[in-house]
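Subject: Structure handover

Hi,

Here is the structure you will be working with. Please open it first, then read my notes below.

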Amino acid sequence: MIPPGETIGILGGGQLGRMIAMAAAQLGYRTHIFAPEQDSIAAEVSAAFTCAGFDDRDAIARFAADCAVITYEFENVPVTPLAALKGVPLHPHPKALEIAQDRLAEKNFVRDLGGSPAPFAPVDSSADLTEAIARIGAPGILKTRRDGYDGKGQWRIGSPDDAATLTLPGQPLVYEGFINFFAEFSVLLCRGDDGDIRFWDTPENVHQGGILSLSSVPASDRIAALVPEARTLATKVAETLGYVGVLTLEFFATDDGPVFNEVAPRVHNSGHWTIEGALTSQFENHVRAICGLPMGDTALAARAVKMDNLIGDDAHDWPKILSDPANHLHLYGKAAARPGRKMGHVTRLTLD
Ligand code: AMP
């Protein structure tokens, strides 16, 4: 067990790291952020900051020397340089990073565990794409295998003709069939190092332009019917990886069952509602799990909860948001409100 007073290292310096650091502080831990960007919003609320590239092994070794345990808030941290952590525990296991960093590895891994991703095929050339469309059909979505997030690195393919006019980006890709879902949802769990698993209520998620816009619980009855199967898969993923911490799986809800979309080996935007809406938040339970403390109750703290993301200029509405005393406003302290940038979120609880 890593007791309060010790230092938790966090790889990545964005809003997820910031909210982990705030939960860690509540439990009496120090946090040390490691991030390549100078203006880290996680470092602003942490005791220490190492600003260096993720491939800088000397900096990683110095950072590790200050930490009792290390976690990450960003799944594109390169895995090989993490050897420089030299025995300081890293949770979740880096195998989870390897899988989540590559959409092809992720889909194969989940399919092997009995999950159902959209039909998919690797694409490394125009000929592969033609073949993939012939086998899977169109419409579909072509995605970069690595480094895509919030809908970036994706191309909608409406028909085989679209593929003929597309210039491939020169990196490994995966083509997947378009799923006609009636809703999207995620499974959020936290696993302790003793194997104890706690689930939060499943949020129904609405995306706009590939970016999460709204999460609400409880999800509709149609989604609730799919949750047991989705939780079984998430449990298998967590147990197979010997996972410790918060794990998120995203799904498309269809009448044929839950279709797996992707795994995030970390706290997740669709779990931000848990800060006020659950008895223990995803951030607090993540800290508890990686430090070997008992986990807190994940039950709902209200009859219903809604979380709206504040994207770009939405954040400028903060005076109006605060004029309603029922709103819980979270601003991440980012300097510039660029379009598509997650600037904060607002949570509302329905108590009666
Ligand atoms: P991703 O970055 O893969 O999570 O994709 C972002 C969003 O694009 C998803 O949340 C969906 O709304 C949509 N999307 C991605 N893949 C598919 C698919 N195969 N079929 C339908 N919609 C998709």
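A disulfide is a pair of cysteine sulfur atoms within 2.5 Å. This structure holds 0 of them. Cysteine 51 is in no disulfide; its nearest cysteine sulfur belongs to cysteine 67, 15 Å away. For cysteine 291, the closest cysteine sulfur is again in cysteine 67, at 11 Å, which is too far for a bond.

A word on the source. This is a predicted model: local features need pLDDT of at least 70, side-chain atom pairs count only at pLDDT 80 or more, and totals for chains, interfaces and linings use all residues. Residues are numbered from 1 along each chain as its sequence is written, and side-chain values use heavy atoms, leaving out hydrogens and water.

Next, accessibility. Buried means under 20% relative accessible area, exposed over 50%, and partly exposed in between (1.4 Å probe, protein chains only). Cysteine 291 is buried, at 1%. Cysteine 51 is partly exposed, at 35%.

Now helix 2, residues 57-65. Helices are DSSP runs of H or I, at least four residues; strands are runs of E, at least two; both are numbered from the N terminus. Which residues of helix 2 are buried? They are Ala59, Ile60, Phe63 and Ala64. They sit on the same side of helix 2, because they cover an arc of only 135 degrees around the axis (taken from the directions from the helix axis to the C-beta atoms). The face turned away from that buried side carries the exposed Asp58, Arg62 and Ala65.

The buried residues pack against strand 1 (7-11), strand 2 (30-35), strand 3 (48-51) and strand 4 (69-72), where contact means heavy atoms within 4.5 Å.

Best wishes
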